[in-house]
Amino acid sequence: MILGIESTAHTLGVGIVKNGKILANVKDSYTTERGGIIPLDAAKHHKEFSGIILSKALVDAGVSLKDIKAIAFSQGPGLSPCLLEGVMFAKKLALELNVPLVPVNHCVAHLEIGKITGARDPVLLYASGANTQIIAYSGGKYRVFGETLDIGVGNFIDTFARHCGLGFPGGPKIQELASKSKNYIELPYSIKGMDVSFSGIQTKLKQMFDSKKYKLEDLSFSLQETVFAMLIESSERALAHTEKKELVLGGGVACNTRLQEMAKIMCKERGAKFYAPDNSLLVDNGTMIAFTGEMLFKAGVKIKPGSKEFEKLDILPRQRTDDVIVNWR
Ligand code: ATP
Ligand code: FE2
């Protein structure tokens, strides 16, 4: 039984997994009425909630701490103060229980949890706040086939939402507004090969909003149609290039029903299978860390308390998906 801790950004999550089965998935997220994430405040949130979230996860799973065989945690990428809270929490628990730590890459965990839906060797469209990547396994590594050249699609949506006074997170609010419109206003469409960029579209949208000539519903609708089409186009190219037949969604933006619909249509048209885990597994969560951690643990990744490695174990705020050595497949 593996316990997983997620703390890379706004969410503190604890998940418990045994043999690929989810026993608990508990989380609490730092949110704001206006303005974006303040990393130190998010870290404070994680510290404050660690005890409560842990207890709740144990209750949900119906287990006690002594049943836990290892502690997996998100080592990176993410916001340093938040990652630090996570690794301290993980080390404290590992020492208390005298069980090993298993460091997990957050992005890889978004991909691996897709396997819970039955996908075996998918292309992942990973669309979250800070990250936007098209990832697939090839030649011993998870490789990034396409990615954003500037900001993540979630941050892009959140920034625009904040500009319009909608608060954080903006994704669900923009989706709600978009559902009230069918009026497409042309926006820049920015894709180069399999890479995408959002800053030009951002500038344009802000200008349009400030001009007061457009309805926010129409701008929200056009935003979704444009940037989701870019993500789907890039995913389709990756499917064609890798000759893989499965697409998995991951990341908070993948909760968007319009993005899911577009992905489904594209997959159907090219005879690929579409998978999206439950929303509770798409957003940041401790369960994907426990789930991936269990695979690593079974492959021999165990950092025992008292070892030099344990003392030295640190966060990796800028760790890249393709830096990860994949020894569990
Ligand atoms: P990561 O650390 O992996 O980059 P993250 O920390 O930003 O991710 P996630 O929980 O994966 O966290 O994603 C949060 C993002 O998802 C936010 O930008 C939020 O606006 C967006 N989001 C959530 N629901 C929706 C939705 N229905 N439509 C669009 N975006 C959404
Ligand atoms: Fe994430």
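Q: How many residue pairs are in polar contact across the interface of domain 1 and domain 2?

A: In this predicted model, six residue pairs are found in polar contact across that interface, both partners having pLDDT 80 or more. Helix 10 (residues 286-298) contributes the most to the side of domain 1 that touches domain 2, namely four residues. That side of domain 1 consists of eight nonpolar, nine polar and four charged residues.

Q: Where do domain 1 and domain 2 run along the protein chain?

A: The domain assignment gives domain 1 as 2-106 + 282-323 and domain 2 as 111-279. Their C-alpha centres lie 26 Å apart. The contact between them draws 21 residues from domain 1 and 24 residues from domain 2.

Q: How is the interface of the two domains to be read in terms of buried area?

A: The size of an interface is often expressed as the accessible area that is lost when the parts come together. Here, domain 1 and domain 2 bury about 1800 Å² between them, and 63% of this lies on carbon and sulfur atoms.

Q: Which residues of domain 1 lose the most area to domain 2?

A: They are Leu282, Thr321 and Asp322. Together these residues account for 37% of what the domain 1 side buries.

Q: How many salt bridges does the rule find across the interface of domain 1 and domain 2?

A: Side chains of opposite charge can pair when their charged atoms come close. Across this interface the rule finds one salt bridge. Arginine 320 also forms a salt bridge with glutamate 147, for which the closest N and O atoms are 3.5 Å apart.

Q: How many salt bridges does the structure hold in total?

A: The structure holds 13 salt bridges. One pairs the side chains of aspartate 41 and lysine 44, at 3.9 Å from N to O.

Q: Where do aspartate 41 and lysine 44 lie?

A: Both residues belong to helix 1 (residues 39-61). They are three residues apart, about one turn of the helix.

Q: Which residues are closest to ligand 1?

A: Ligand 1 is surrounded by 23 residues, of which the closest are His106, Tyr126, Ser128, Asp158 and Asp284.

Q: Which atoms of tyrosine 126, glycine 129 and alanine 130 approach an oxygen atom of ligand 1?

A: For tyrosine 126, a side-chain N or O atom is 2.3 Å from an oxygen atom of the ligand. For glycine 129, a backbone N or O atom lies 3.0 Å from a ligand oxygen atom. For alanine 130, a polar backbone atom is 2.9 Å from an oxygen atom of ligand 1.

Definitions and conventions. Residues numbered from 1 in each chain as written. Chains lettered and ligands numbered in written order. Predicted model: local features only at pLDDT ≥ 70, side-chain atom pairs only at ≥ 80, totals over all residues. Heavy atoms only, no water. Domains from an automatic or database assignment. Contact = heavy atoms within 4.5 Å. Buried area = accessible area lost by both parts, 1.4 Å probe. Salt bridge = Lys/Arg side-chain N within 4 Å of Asp/Glu carboxyl O. Polar contact = N/O pair within 3.5 Å; in protein donor to acceptor, adjacent residues only side chain to side chain. Helix = DSSP H or I, 4+ residues; strand = E, 2+ residues; numbered from the N terminus. Nonpolar A, V, L, I, M, F, W, Y, C, P; charged D, E, K, R; others polar. Near = heavy atom within 4 Å.
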